[in-house]
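Let's take a walk through this protein together. Have the sequence and the 3D view ready, and follow along heading by heading.

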Amino acid sequence: MGAMADWLGRIPVLLVSVLSVLVFGLAVAFSVDMAMFSTLRFFEGFCLAAIRLSLYVLRIELCLPAWRFSMTLIANLIIVIGQLLMPGLAALCRDWQILQIVIIAPFVLMLPYVWMFPESLRWLLVTQHYKRAKQQMYRIAHSNSIATATDSSGILSELEAELQQKPKTYCVTQITGTRNLWKNTVVLCVNSLTGYGIHHCFARSVLEGSASHLHYYALAAIAISSCLVLFPVVAGFGRRGGLLTFMIITALASLLQLGLLNLIGKYSLLHDAVLQDTLNQRFSHAFSIIGMFSSHAVSTLSIFYCAEITPTVIRGGGVGLVLASAGFGMLTAPLMELHNQKGFFLHHVILTCCTLLCTICIPLLPETAGQPLPETIAEGEGLLRQPILPGEQHHLLARTEVREYSRVQDTPLHQVVNPGNGLVPSNSTANGMRTS
């Protein structure tokens with residue numbers, strides 16, 4: 001669905017997904033057997049993921065740089081609040097069929113989104129949907145009482161001259177021909193997979209042997225506190241610094257949980273076995289809570305980071321890759337349950353090694369705080385990392401040279417906004433000429 005959002009637009013995918021969720025979700029409530037229930041639930045979950053993806057991309061592209069992260073955190077908080085309402089709805093409805101209808105019915109309120117929110121103007125312009133872009137720009141100007149007769153920038157007149165241009169289509173597979181963009185996407189996919197996967201390992205240590213509903217609220221409280229702490233940390237250290245900080249905390253919590261507890265039991269001066277078990281359990285719960293807190297922050301920030309790094313032409317597919325990696329990380333939880341928790345320790349060790357690998361790779365990412373969103377693959381390739389420490393030695397291009405490489409010459413609108421640009425060779429990359 002991320003690729004479909006890049007081909008057709010964000011609003012059409014959102015509308016089709018909402019309609020599909022209404023159809024499949026209501027049909028689930030009238031399932032007659034397990035096969036029908038499982039099939040309908042699969043398609044319902046498929047469309048729910050598409051709604052989340054299209055709304056995420058649309059929100060990123062409509063927000064100004066200073067508001068992108070705060071609006072994303074507000075949306076995440078609303079998601080957690082919705083999770084907190086679920087036990088109350090279940091207690092009120094009693095019957096699962098009524099609960100299913102109550103959950104799906106509010107999606108009817110999302111149908112007017114097609115008229116409330118415009119299509120992403122960024123996507124329309126960069127993919128040369130100039131006719132739709134012209135209609136939308138005139139509609140926005142009319143709603144803001146702006147006279148279009150005086151076009152000082154020349155954008156509207158340039159649109160009139162280029163209305164016959166055919167729209168261009170892009171696919172997320174095109175990042176395989178890049179160097180920096182491909183590297184950044186892979187790093188964030190591994191971060192997302194590790195964050196969601198190791199979150200289950202920490203949660204299992206806390207919830208093992210307990211079926212109390214209070215633990216459900218405890219997990220939601222940890223998610224809320226993680227979002228609240230994430231904002232000042234990212235505001236102070238930036239996207240890359242915040243992601244590195246929480247990944248280090250996750251790795252330390254996992255290492256201490258795996259190694260320190262064994263050392264306590266081996267070298268402890270306490271001879272009371274019951275007291276040792278109590279001490280180990282308390283330390284395990286403490287490290288697990290810290291790990292859930294930081295791993296939730298890692299997962300949230302990885303998805304947002306990818307949305308800022310991926311260019312507009314393939315942003316839907318890029319965010320889809322990271323969300324798919326997150327889904328694969330969450331899939332490790334039921335896989336462990338199917339194996340009756342056999343090999344769980346090895347599973348936790350592997351994910352801990354992944355956190356250490358991510359800690360090494362995160363400094364390779366560029367910083368995107370306060371930067372405009374990249375529009376084309378060339379601009380996404382031009383996002384280069386900057387040194388974390390003031391004395392770090394690097395051999396990257398200067399900022400002025402990066403701008404020259406990241407400018408795009410394939411659309412007339414870029415020539416209007418950036419007149420006098422030179423042509424970029426077809427074999428050039430963000431760091432120089434491609435030799436192979």
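## Ground rules

Start with a word that comes up all the time: a residue is buried when its relative accessible area is under 20%, exposed when the value is over 50%, and partly exposed in between, using a 1.4 Å probe and protein chains only. The areas themselves come from the Shrake-Rupley method with a 1.4 Å probe, and for residues only the protein chains shown count as cover.

What you are looking at is a predicted model, where local features need pLDDT of at least 70, side-chain atom pairs count only at pLDDT 80 or more, and totals for chains, interfaces and linings use all residues. Residues are numbered from 1 along each chain as its sequence is written, and side-chain values use heavy atoms, with hydrogens and water left out.

## The whole chain

The chain has 17 helices and two strands. Both kinds of element are DSSP runs numbered from the N terminus: helices are H or I with at least four residues, strands are E with at least two. Of the 436 residues, 44% are buried. The chain exposes about 22400 Å², and carbon and sulfur atoms supply 69% of that.

Now for contacts, meaning heavy atoms within 4.5 Å. Among the contacts with a separation of 6 or more, 78% are between residues 24 or more positions apart.

## Helix α2 and its neighbours

Helix α2 covers residues 10-28, which is 19 residues. From first C-alpha to last, helix α2 reaches 27 Å, close to the 27 Å expected at 1.5 Å a residue; the expected span is 1.5 Å times one less than the number of residues.

Buried residues of α2 include Arg-10, Leu-14, Val-18, Leu-22 and Val-28. What do the buried residues of α2 pack against? They pack against α1 (2-8), α3, α5 (96-104), α6 (113-116), α7 (121-126) and α13.

## Salt bridges

Side chains of opposite charge can pair when their charged atoms come close. Here a salt bridge is a side-chain nitrogen of Lys or Arg within 4 Å of a carboxyl oxygen of Asp or Glu, and the count by this rule is eight. One of them joins Arg-41 to Glu-44, with the closest N and O atoms 3.4 Å apart. These two sit three residues apart in helix α3 (residues 34-62), about one helical turn from each other. Arg-41 is partly exposed at 40% relative accessibility, whereas Glu-44 is buried at 4%.

Another salt bridge brings Arg-315 and Glu-61 together at 2.8 Å, N to O. Arg-315 belongs to helix α13 (residues 315-338) and Glu-61 to helix α3, so this pair ties together parts that are 254 residues apart in sequence. Arg-315 is buried at 0% relative accessible area, and Glu-61 is buried at 5%. Then there is Arg-239 with Glu-308, at 3.0 Å from N to O. Arg-239 is in helix α11 (residues 214-267) and Glu-308 in helix α12 (residues 273-309), so the pair links parts that are 69 residues apart in sequence. Both Arg-239 and Glu-308 are buried. Shared partners also join Asp-6, Arg-10, Glu-61 and Arg-315 into one salt-bridge network.

The elements giving two or more residues to the nonpolar patch are α1 and α3. Phe-43 is found in helix α3 and is partly exposed at 36%.

Cys-189 is buried at 14% relative accessible area, and Cys-306 is buried at 1%.

Ser-192 lies in helix α10 (residues 180-207) and is buried at 0%. Its C-alpha is 7.6 Å from that of Leu-323, although Ser-192 and Leu-323 are 131 residues apart along the chain. Leaving out residues up to four places away in sequence, Ser-192 touches Ser-299, Ser-302, Ile-303, Val-322, Ser-325 and Ala-326.
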